[in-house]
Amino acid sequence: MGRHLKGAAIALILIASLVGSNHAQASSQEASASIMHGSPTTISKWPWQVAISLSWRFEGTSRDRTICGGVALAPRLVLTARHCVVGRYERWPRNLMVYSGKTWLNDSFSGGISWVSRIIRPRSPSWDVALLKLKNRVSAKTIKLASRSE
């Protein structure tokens with residue numbers, strides 16, 4: 001197992017252990033499109049944030065096709081919610097792409113696009129986490145994981 005994949009696997013286990021099973025039962029039907037008490041920001045303040053979207057094979061704008069957000073853990077590894085990628089996307093991960101380095105999805109002059117090659121998730125549906133392995137590197141800066149002293 002590669003160094004980045006080992007680190008991501010450890011992060012996934014830690015995050016999954018912090019998520020209580022009663023709180024992780026979210027489904028796409030329960031998810032809301034509203035952000036409560038949010039405020040405008042830019043990608044420069046949260047450079048590891050990515051958008052997970054359906055590929056161009058599907059109709060609509062990049063905003064219409066965006067299904068979830070995620071965090072760049074490593075150049076070719078993204079952490080997201082399991083409920084975002086189970087079902088039909090899981091069988092055809094190539095239908096998913098990741099936008100990185102963009103504040104606005106319709107900004108064609110910044111950031112990059114990476115294609116999903118594999119979806120890795122816990123067997124238990126009570127852990128609402130998944131890893132997306134990417135075919136190419138994200139243009140985003142990866143999130144810094146806490147060290148043992150933090």
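Accessible areas were computed by the Shrake-Rupley method with a 1.4 Å probe, and for residues only the protein chains shown count as cover. On this basis the accessible surface of the protein chain amounts to about 9900 Å², with 55% of it belonging to carbon and sulfur atoms. The model is predicted, so that local features require pLDDT of at least 70 and side-chain atom pairs pLDDT 80 or more, while totals for chains, interfaces and linings use all residues. Residues are numbered from 1 along each chain as its sequence is written, and side-chain values use heavy atoms, with hydrogens and water left out.

Of the 150 residues of the protein chain, 35% are buried (under 20% relative accessible area, 1.4 Å probe, protein chains only). Among contacts (heavy atoms within 4.5 Å) with a separation of 6 or more, 62% involve residues 24 or more positions apart.

The protein chain contains four helices and six strands, taken as DSSP runs (helices H or I, at least four residues; strands E, at least two) and numbered from the N terminus. Their order from the N terminus is α-β-α-β-β-α-α-β-β-β. Six strands close into an antiparallel barrel in the order β1-β2-β3-β6-β5-β4, where pairing requires at least two DSSP bridges between two strands. Strand β2 (residues 66-74) pairs with strand β3 (residues 77-80) in the antiparallel sense over three bridges, and Ala74 stands opposite Leu77 in β3.

One disulfide is present (cysteine sulfur atoms within 2.5 Å), joining Cys68 to Cys84 at an S to S distance of 1.7 Å. Cys68 lies in strand β2 and Cys84 in helix α3 (residues 82-85), 16 residues apart. The link of Cys68 and Cys84 is left-handed, with -65 degrees about the S-S bond, and both cysteines are buried.

Conventions. Buried means under 20% relative accessible area, exposed over 50%, partly exposed in between (1.4 Å probe, protein chains only).
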